[in-house]
Amino acid sequence: MDGIPFKEHPLFPLFPEKKLITCCFEAIVEEVDPLTDLLERAVGGRGVVALIDAKKIAGEGQIITASILYTLISNFGKKWIRKPSLMLTAILAGTRQVSEALRSLGLREGRNEVVLAIISSSEENGSALLSSLFESLFSSGSLHPLKFEECSEVLDGPSLTSLYGIPAEELRALSRSRGLSEKELIEEAIIEEINLLLAEVTRG
């Protein structure tokens, strides 16, 4: 599968040997349950992969932060979820609970805006890895792609305010006083929630 749009984000200076790959697309999901195991088999030892509802992600900064914290937590030996993809999803959602993470960020049957996030070696060929994953994903029949998209155009969900429980009036006032966009403020708040999760995990 040539021409898949994706971005690579080096995780330096903390982890120069790692990078995050993000790819966004619209798809019809026929079955949700098989997707996690399917992707983990497809990626093998080449990385950690998660499929996330793109409309519930505030921006790429949220995914980059979660990827760095996933790597930190793994290095501390503090992983509390056996499946790496579910662990990454839980960190993205700022929770220890798989069920809560999947309710917040998981895909649903039907039409979805999807972000595929992969933490891999910096030496890994991103294009080849994505092609391999998508070949397994699409041939399974569990998910049918409609179109690929630029993540910068997708990771800006209109329902983020209600999703994260921030009153619209409060957000607008804070946006004016801080000189940041509403999207930037939400992303900042979510990243802080992820950092608090790291503090809790490393303390325990």
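Figure 1. With a relative accessible area of 14%, E149 counts as buried (buried means under 20% relative accessible area, exposed over 50%, and partly exposed in between, using a 1.4 Å probe and protein chains only). This is a predicted model, in which local features need pLDDT of at least 70 and side-chain atom pairs count only at pLDDT 80 or more, while totals for chains, interfaces and linings use all residues. Residues are numbered from 1 along each chain as its sequence is written, and side-chain values use heavy atoms, with hydrogens and water left out. E149 pairs with K147 in a salt bridge whose closest N and O atoms are 3.8 Å apart (a salt bridge is a side-chain nitrogen of Lys or Arg within 4 Å of a carboxyl oxygen of Asp or Glu). Salt bridges that share partners join E149, K147, E26 and R111 into one network. K147 also forms a salt bridge with E26, the closest N and O atoms being 3.9 Å apart. That pair links distant parts of the chain, with E26 in strand β2 and K147 in strand β5, 121 residues apart (helices, H or I of at least four residues, and strands, E of at least two, are DSSP runs numbered from the N terminus). E26 is buried at 8% relative accessibility, whereas K147 is partly exposed at 44%.

**Figure 2. The salt bridge of K19 and E8.** A search of the whole structure finds 7 salt bridges, and in one of them the side chains of K19 and E8 meet at 3.1 Å, N to O. K19 lies in strand β2 and E8 in strand β1 (residues 7-11), so the pair ties together parts that are 11 residues apart in sequence. K19 is buried at 6% relative accessible area; E8 is partly exposed at 39%.

**Figure 3. The disulfide of C24 and C151.** The structure holds 1 disulfide (a pair of cysteine sulfur atoms within 2.5 Å). The sulfur atoms of C24 and C151 are 2.2 Å apart, and the link is right-handed, with 105° about the S-S bond. C24 sits in strand β2 and C151 in helix α6, so to speak of the chain, 127 residues apart. Both C24 and C151 are buried. C23 is in no disulfide; the nearest cysteine sulfur, that of C151, is 6.3 Å away.

**Figure 4. N112 in strand β4.** Here N112 is shown in its strand, β4, where it counts as buried at 6% relative accessibility. The N112 side chain reaches the backbone oxygen of R108 at 2.6 Å and that of G110 at 2.8 Å. Leaving out residues up to four places away in sequence, N112 touches F25, E26, A27, V29 and L107 (contact means heavy atoms within 4.5 Å).

**Figure 5. I91 in the largest nonpolar core.** The largest nonpolar core has 38 residues, and I91 and V115 have the most contacts inside it (such a core is a set of buried Ala, Val, Leu, Ile, Met, Phe, Trp, Tyr and Cys residues joined through side-chain atoms within 4.5 Å). Its largest share, 7 residues, comes from α3. Not counting residues up to four places away in sequence, I91 touches A66, L69, Y70, I73, W80, I194 and L197. A second, separate core of 24 residues includes I4, L35, A42 and L130.

Note on methods
Polar contact = N/O pair within 3.5 Å; in protein donor to acceptor, adjacent residues only side chain to side chain.
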